[in-house]
Amino acid sequence: MMPNRTKLLVTLGMLVTLWAIPAAAQDLQGMQIFAPADVSPYGGAASRANLGYFFSFDGLYWSISTPKTSYIGLPPTDPEGTRTSYWGIGVFPFVSSEVQVSGVTTGSFEASFNPGTRVEFGRVAEDNHGWLFSTFRVHKQTEDPEYFNGVPIIFRDPFGLMNGRVFADPGPPPIIIVQPLPMSFEHVVVNNEVETWNVEFNLLYRTPQFHRGGYLEFFLGPRYMEVNEDFNVIAEGGPMADSRWFTRAENHMIGGQLGLRYFKKSFRWMLNLEGRFFAGLNRQNFKQEAVLGSQLINNRGQINYPEGWSGSTSNTALSKDEWCPGVEVRAELRYQLARSLSLRAGWTGMWFDGIARASNVVRYELPNMGIDASDNRQGLFIHGVTVGVDINR
């Protein structure tokens, strides 16, 4: 469910759209969209910028950068990230041991390209003042599930919950040996998903035409953007069978932006260069659901299983606020098909700081997992190609 702030922004966008449609329809009727293009030589009507209402639709093929590589489990550099584990083998000398460290990282995540859409519309009046509404959404970027076998995942264990019997002899005299057990799983599946969307509204001013035919547009306005990520792990088999944890990091970025657009028409072609600087607040929401050792209730106290722990379930929610600057750059080339109809293609790149990623905020601790938001300020890079159509832009 969308937060109230998101609902408000979407509602404002819909109101702007409803307000603009009747007037835009009147303007479009006089545009003669499919009339022949004016391709007079440099300096003529073909080099002048269009006025009135405009509309653009783009198909996107964008990629979202992967989170910083982290261990699934405590890293070996952590004071408790190295664990000497024991287990019973049923024959003399009854017990075997090994030194364990977490065996899986998120380094296999890839920044794949995914489709999306961007819609922009606005108006430039005779006095060169106007407005621009823009929104985009990129489809969810999903990593193919990664499968691992025989994987150690080390948890901080301050209460010795993963200590258990590795040997028991009823005697007489009775002999019971309790040692730290392995923190490993027979099968582990890891999956990561991230998605983003954006909405903004800008007031703009267009300069008079330069001597060589180009224009500058300055724009200023509010912007809201979300980047939401889910990090999922399912671990089965072994002394902690079965466990799973699902962690979500939501980035709700809202603030103001300054923008600059340069464009120049020549015959049927137009070069378009844009830059935006964003500065705002990122409201980070973290959520986690974790189940550890769901099968231990059936195995508690047996050889090679915890002596007194029956597993745990936890639900964690946490919020933080962070400063979030960002930059967006666009480069496009447009080809005019008719008087008010053009095709365009280009590249868009965005960088934002102060972004939280789900796989980097997991707290690996027994009996309950949770959120460790100390690493919640990462850089995020989004980029890719765009192909679209313009009406009167």
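How much space lies in the largest pocket? About 290 Å³. The legends below describe a predicted model, in which local features need pLDDT of at least 70, side-chain atom pairs count only at pLDDT 80 or more, and totals for chains, interfaces and linings use all residues. Residues are numbered from 1 along each chain as its sequence is written, and side-chain values use heavy atoms, with hydrogens and water left out.

**View 1. The largest pocket and its lining.** The lining has 16 residues; closest to the pocket centre are Pro 75, Asn 360, Val 362, Tyr 364 and Asp 372. Six lining residues are nonpolar, five polar and five charged. Here Ala, Val, Leu, Ile, Met, Phe, Trp, Tyr, Cys and Pro count as nonpolar, Asp, Glu, Lys and Arg as charged, and the others, Gly among them, as polar. A pocket is an open set of points on a 1 Å grid over the protein atoms alone, where a 1.4 Å probe fits, with protein on both sides within 12 Å along at least five of seven lines; lining residues have an atom within 4 Å of a point. Points are joined across faces, edges and corners, and the volume is the space filled by probe spheres set on them.

**View 2. The largest nonpolar core.** This core holds 36 residues. Ile 72, Phe 155, Phe 231, Trp 245, Tyr 364 and Leu 366 have the most contacts inside it. Strands S9 (184–206), S10 (214–236), S11 (243–266) and S12 (269–292) each give two or more residues. A core joins buried (under 20% relative accessible area, 1.4 Å probe, protein chains only) Ala, Val, Leu, Ile, Met, Phe, Trp, Tyr and Cys residues through side-chain atoms within 4.5 Å. Strands are DSSP runs (E, at least two residues), numbered from the N terminus. A second, separate core of 16 residues includes Val 138, Val 194, Met 350 and Phe 352.

**View 3. Two cis peptide bonds.** One runs from Ala 241 to Asp 242, with omega near -15°. Asp 242 sits in the loop between S10 and S11. The other joins Leu 366 and Pro 367, with omega about 10°. Pro 367 is in the loop between strand S15 (362–363) and strand S16 (370–371). Most peptide bonds are trans.

**View 4. Positive phi at Phe 267 and Asn 392.** Phi of Phe 267 is near 55°. This residue lies in the loop between S11 and S12. Asn 392 has a phi of about 65° and is found in the segment after strand S17 (378–391). Asn 392 is buried, at 8%.

Methods. Buried means under 20% relative accessible area, exposed over 50%, partly exposed in between (1.4 Å probe, protein chains only). Helices (H or I, at least four residues) and strands (E, at least two) are DSSP runs, numbered from the N terminus.
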